[in-house]
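Please keep the sequence and the structure in view while reading.

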Amino acid sequence: MKFMSLALKLAKKSNPSPNPRVGAVIVKGGKVLSTGYHLKAGGPHAEIVALNKLKNAKGSTMYVTLEPCSHYGKTPPCVDALINAGVKKVVCAMEDPNPRVNGIEKLRNAGISVEVGLMEEEAKKINEKFIKKMKTGLPFVAVKMAMSLDGKTATRTGNSKWISGRKSREFVQRLRKEYDAVMVGIETVLKDDPRLTCRIKREKDPLKIIVDSRLRIPLESKVLKNPKKVIVAASERYNKGKKKELEKLGVKIIVCGKEKVGLKRLMGKLNVNSILIEGGGEINASAVKEKIVDKFYFFVSPIIIGGRKAKTPVEGIGIEKISESLKLDMKSRKIGGDFLFEATF
């Protein structure tokens with residue numbers, strides 16, 4: 001397991017979205033000869049990086065976190081390189097959910113021994129976004145929210161800076177690095193005027209998605225500083241004049257819904273693997289109602305806000321009975337002075 005553990009650790013070093021994270025370790029005689037990981041989309045895959053570091057891989061075993069590819073994309077098939085290099089055995093953590101891939105079969109047909117399933121759950125975890133996209137065609141969606149101990153996300157006057165502590169906010173920047181896009185509702189833009197950038201170095205800033213049924217977004221909004229990285233989702237009652245102005249800037253407008261934006265419909269129109277929702281209670285409620293959410297990140301700070309009109313993490317109409325509530329699996333950890341509750345279905 002130690003060699004696959006190393007491969008998984010390597011895979012986590014980059015986020016080559018829309019491609020999966022992959023790490024590879026070449027072993028012979030119980031010793032690591034070479035390692036590699038997939039750095040970015042369009043670049044060499046982990047298997048090739050590892051092979052290229054060796055003059056001779058004949059008779060070796062490769063531990064790789066995902067089934068080697070067998071088709072031509074932006075790079076040649078990895079299975080061909082493994083066969084040509086004389087690799088004797090390949091241990092894969094998991095099969096590739098991409099239906100175009102049949103690398104395991106091709107390797108076995110070439111006489112290479114293949115084992116599948118070592119540390120499979122760990123491998124699936126690091127590629128949960130890629131797997132969701134491959135299996136459903138829809139992006140993996142997470143909701144992030146900071147709240148007080150009494151469940152408030154802002155005071156009755158709308159003030160919310162800062163509920164969570166510095167370390168929690170730093171963690172959110174790391175989260176943004178992991179997601180292809182950040183999505184908020186128009187009320188967040190009007191109230192906070194956020195940039196929605198990632199302050200941690202990454203290949204590219206996340207795509208910004210604004211849910212704005214009537215196109216009320218001000219043209220001077222900070223989020224529009226890089227308009228070609230912005231998508232605004234509108235309903236059919238959008239402001240036609242504003243649409244022309246936004247498109248002139250380079251903003252992409254997606255119309256999906258008559259009176260309000262249909263989030264599930266919107267998900268089918270977005271060519272991204274993952275989205276982090278950082279909006280308010282209303283957009284969170286819509287996301288939950290339309291069943292597009294895969295994960296929740298709730299930061300809870302040890303403060304009391306109070307107030308009947310104070311904002312809450314998930315608003316909307318709500319349910320009538322506790323029996324109708326969402327049932328989640330949850331784990332928690334301490335981040336600075338706050339607690340992070342990470343929940344999935």
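The protein has 11 helices and 14 strands, where helices (H or I, at least four residues) and strands (E, at least two) are DSSP runs numbered from the N terminus. This is a predicted model, in which local features need pLDDT of at least 70 and side-chain atom pairs count only at pLDDT 80 or more, while totals for chains, interfaces and linings use all residues. Residues are numbered from 1 along each chain as its sequence is written, and side-chain values use heavy atoms, with hydrogens and water left out.

Along the principal axes, the C-alpha atoms fill a box of roughly 70 × 45 × 40 Å. Of the 345 residues, 49% count as buried, that is, under 20% relative accessible area with a 1.4 Å probe and protein chains only. Among contacts (heavy atoms within 4.5 Å) with a separation of 6 or more, 66% are between residues 24 or more positions apart.

Nine strands form an open sheet with mixed pairing, in the order β10-β9-β8-β7-β11-β6-β12-β14-β13; two strands pair if DSSP finds at least two bridges between them. Because β10 (252-255) and β13 (329-335) each have a single partner strand, they stand at the edges, and one side of each is left without a neighbour in the sheet. From one strand to the next, the twist averages 20°, an angle on a scale from 0 to 180 degrees between the N-to-C directions of lines fitted to C-alpha atoms. Ile231 has Lys252 of β10 as its bridge partner.

Rolling a probe the size of a water molecule over the atoms shows where empty space is left. On a 1 Å grid over the protein atoms alone, a cavity is a set of points where a 1.4 Å probe fits but cannot get out, and a pocket is an open set with protein on both sides within 12 Å along at least five of seven lines; lining residues have an atom within 4 Å of a point.

The largest pocket has a volume of about 1500 Å³. Its lining comprises 50 residues, with Thr188, Asp192, Glu278, Gly279 and Gly280 the closest to its centre. Elements that each supply at least two residues of this lining include β6 (140-148), α7 (166-178) and α11 (281-289).

The structure also holds one cavity of 30 Å³ or more. The largest cavity has a volume of about 130 Å³, and helix α6 (residues 128-136) gives the most to its lining, with three residues.

Key
Grid points are joined across faces, edges and corners, and a volume is the space filled by probe spheres set on the points. Buried means under 20% relative accessible area, exposed over 50%, partly exposed in between (1.4 Å probe, protein chains only).
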